[in-house]
Amino acid sequence: MQRKKSTLVMSFSKTLFAGWLMCIPIAPSFAQTIDTECPENPVKSGTFTLDGQKRGLFVAFRWGEGILTLNNGQEFEFSVRGLKFGETGSSTVQIMGDVYGLNNLDDFVGYYEGTAGGFLPLIDKKDVQLVNANCVTLVARVVESGLHYSLEAGQSFFVEFTND
């Protein structure tokens with residue numbers, strides 16, 4: 001029993017450490033702010049879906065893969081990775097939502113910021129709104145399963161298209 005628990009702790013520690021290493025390039029995003037004044041009612045540009053995971057102890061690493069579908073039916077695969085301070089636990093995340101203010105496909109790529117949080121007993125549904133420096137706004141319904149606690153604090157993640 002003790003060996004099994006030790007192996008689980010080591011596995012979790014390795015995952016957390018790998019998450020820190022992968023997020024080092026996005027760390028400056030927490031200091032960034034959006035200097036551009038975004039329009040109040042941006043036009044809906046499409047939808048997106050995202051499947052991801054979160055793991056952390058006081059700081060959670062987040063990652064996932066998604067599909068952006070434009071209003072004209074074109075689809076583009078993308079990946080996300082990011083950090084959120086004040087979060088502990090482990091969960092699987094499914095996100096579905098709308099994209100607003102996407103005038104140029106390249107504007108979708110970049111750092112997104114927003115605020116979310118709360119206690120997640122087993123399954124939780126909530127809405128989240130995130131925006132990047134190009135005024136692209138993601139409004140989504142998040143469905144999480146797992147066990148974690150998250151302070152209501154800022155979060156940041158980086159979105160990039162995947163090359164197939």
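Visitor: Which residues have pLDDT under 50 and 24 contacts beyond four places in sequence?
Guide: Those are residues 117–123, where pLDDT stays under 50 although the model has 24 contacts beyond four places in sequence; pLDDT is the predictor's confidence in each residue, from 0 to 100, and a contact means heavy atoms within 4.5 Å. This is a predicted model, in which local features need pLDDT of at least 70, side-chain atom pairs count only at pLDDT 80 or more, and totals for chains, interfaces and linings use all residues. Residues are numbered from 1 along each chain as its sequence is written, and side-chain values use heavy atoms, with hydrogens and water left out.

Visitor: And what is the pLDDT over residues 5–33?
Guide: Over residues 5–33 pLDDT also stays under 50, and the model has 35 contacts beyond four places in sequence for them. Where pLDDT is low, predicted coordinates should not be read in detail. The protein chain as a whole averages 77, with 69% of its residues scoring at least 70.

Visitor: Which element has the lowest mean pLDDT, and which the highest?
Guide: Helix α1 (residues 2–23) has the lowest mean, 45, whereas strand β1 (residues 44–56) has the highest, 95. The protein chain has 1 helix and 7 strands, in the order α-β-β-β-β-β-β-β from the N terminus; helices (H or I, at least four residues) and strands (E, at least two) are DSSP runs, numbered from the N terminus.

Visitor: How many bridges join β2 to β3?
Guide: There are 11 between strand β2 (residues 59–70) and β3, which run antiparallel, and two strands count as paired if DSSP finds at least two bridges between them. E65 stands opposite S79 in β3. The two strands form a hairpin with 4 residues between them, and G73 in the turn has a positive phi of about 95°.

Visitor: Switching topic, which residues have the most contacts inside the largest nonpolar core?
Guide: They are F78, V99, F108 and Y112, in a core of 20 residues. β1, β2, β3, β4, β6 (123–132) and β7 (137–161) each supply at least two residues of this core, and the largest share, 5 residues, comes from β7. A nonpolar core here is a set of buried Ala, Val, Leu, Ile, Met, Phe, Trp, Tyr and Cys residues joined through side-chain atoms within 4.5 Å, where buried means under 20% relative accessible area, exposed over 50% and partly exposed in between (1.4 Å probe, protein chains only).

Visitor: What does V99 touch?
Guide: Leaving aside residues up to four places away in sequence, V99 touches several residues, including F48, L68, F108, V136 and L138.

Visitor: How are the rings of F78 and F108 arranged?
Guide: F78 and F108 form an edge-to-face pair, 5.2 Å centre to centre with 75° between the planes. F78 lies in strand β3 (residues 75–85) and F108 in the loop between β4 (87–100) and β5 (110–120), so the pair ties together parts that are 30 residues apart in sequence. Both F78 and F108 are buried. Rings of Phe, Tyr and Trp (its six-membered ring) pair if their centres lie within 6.5 Å, with planes under 30 degrees apart counted as stacked, over 60 as edge-to-face and the rest as tilted.

Visitor: How many aromatic pairs does that rule give?
Guide: The count comes to 7, and ring pairs link F76, F78, F108, Y112, F157 and F161 into a cluster.
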